[in-house]
Amino acid sequence: MSTNPKLRAGELAVGASREQVVAENLSRTQIVMYAGASGDFNPIHHDEPFATGGAGYPSVFAHGMLTMGLTGRLLTDWLGDGVLRSFGVRFVRQVWPGDTLTATGTVTSVGADGQVGIELVTTNQRGEPVVAGEAVAQLPV
Amino acid sequence: MADFEFPVDRTAILNFAAALGETNPIYWDEAHAKATPLGSVIAPPTFAVAAALWNPDAGLRGIRQIPKRSAPPAEKGAAREGRGGGGGSARLLHGEQRFEYHQPLRPGMRLSASIRPGRTWEKEGKRGGKLRFSETITELRDERGELVVTSTSVGIITEKAVEG
């Protein structure tokens, strides 16, 4: 399977980490763009009267999958293209318009075969986690 | 649940990458992509969710009427006047998502999507009352039947609105 890695597994040590701001002052425009691109038109993500009315939220909020996609940018910008073997997250807190998100990846394992395990957490501007997860990448040894 | 075709094209990938604020040329620039070992534009890691655009049984569809089966399943959730019959719900949350990658997802692929239910379970939530969890597993395969991406989504239905 062809890949375009940015580094070798040997260049990563357990405990090495990298962080990246993946959204700054997240806009409703970006949330709407994501709705169109992903096909998820749940009005809770774009219809303010719906979100604040019967639904009882303070405003619309981002799709969890938008936050996951933003978190993925950390992985691909760090490790390369086409190198991921798995990527999973738990959505732990909503992301609101105006939030600034920082994704952090920490190396948890480096296999002799080049498989690298990464622990992920993305936090908002208050330092609260919004998603947590893990990924496995296949890198050249 | 559903089996349908998901034809992948560069415009869909461009739109998806743009919505993520991407700057990586691998998602749109053919000349750049051809000069890499990948040899073509590829899709971002979470692009498989865009299969929803081709799912004739998809919920959360806004006003879109196509593609849709001739006898559509009943809309669930808070489909109301002025909301476009979107099938949206304030009580259905996305709890977890996992992707397994088998090969790069490339424009030009005519993927076969197969969606099936996975496990279901219940838990007493701290803030949202009783929580019902259900897994949905989506397999995307290429024209030769080889797996491209396996997606596992965990939905949570809450009894009341949950604030983060």
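In chain A, 68% of the contacts with a separation of 6 or more come from residues 24 or more positions apart, two residues being in contact if their C-beta atoms, placed from the backbone, lie within 7 Å. For chain B, 61% of the contacts between residues at least 6 apart in sequence join residues at least 24 apart. The model is predicted: local features need pLDDT of at least 70, side-chain atom pairs count only at pLDDT 80 or more, and totals for chains, interfaces and linings use all residues. Residues are numbered from 1 along each chain as its sequence is written, while chains are lettered from A and ligands numbered from 1 in the order in which they are written.

Chain A contains 3 helices and 7 strands; helices (H or I, at least four residues) and strands (E, at least two) are DSSP runs, numbered from the N terminus. The order of its elements from the N terminus is β-β-α-α-α-β-β-β-β-β. Along the principal axes, the C-alpha atoms of chain A fill a box of roughly 55 × 30 × 20 Å. Of its 141 residues, 45% are buried, where a residue is buried if 20 or more other C-beta atoms lie within 10 Å of its own, exposed if 12 or fewer, and partly exposed in between, with C-beta atoms placed from the backbone. Chain B has 2 helices and 5 strands, arranged from the N terminus as β-α-α-β-β-β-β. In this chain, 34% of the 164 residues count as buried.

Helix H3(A), residues 64-79, has 16 residues and spans 23 Å from its first C-alpha to its last, close to the 22 Å expected at 1.5 Å a residue; the expected span is 1.5 Å times one less than the number of residues. Because 14 of its 16 residues are buried, H3(A) is largely enclosed by the rest of the structure. Just after this helix, A:Gly80 adopts a positive phi of about 125°. In helix H1(A), residues 28-38, the buried residues are A:Ile31, A:Tyr34, A:Ala35, A:Ala37 and A:Ser38. Their cover includes H3(A) together with helix H1 (10-19) of chain B. A:Gly39, which follows H1(A), also has a positive phi, near 85°.

The interface between the chains brings 41 residues of chain B into contact with 43 residues of chain A. On the side of chain B that touches chain A, the elements giving two or more residues are H1 and strand S2 (92-101) of chain B. S2(B) gives the most to this side, with 8 residues. By class, the side comprises 21 nonpolar, 14 polar and 6 charged residues; Ala, Val, Leu, Ile, Met, Phe, Trp, Tyr, Cys and Pro count as nonpolar, Asp, Glu, Lys and Arg as charged, and the others, Gly among them, as polar.

Strand pairing also links the two chains. Strand S4(A), residues 84-91, pairs with S2(B) in the antiparallel sense over 5 bridges, two strands being paired if DSSP finds at least two bridges between them. Within this pairing, B:Arg98 of S2(B) is the bridge partner of A:Gly88. S4(A) also pairs with strand S7(A), residues 129-138, in the antiparallel sense over 7 bridges. There, A:Leu84 has A:Ala137 of S7(A) as its bridge partner.
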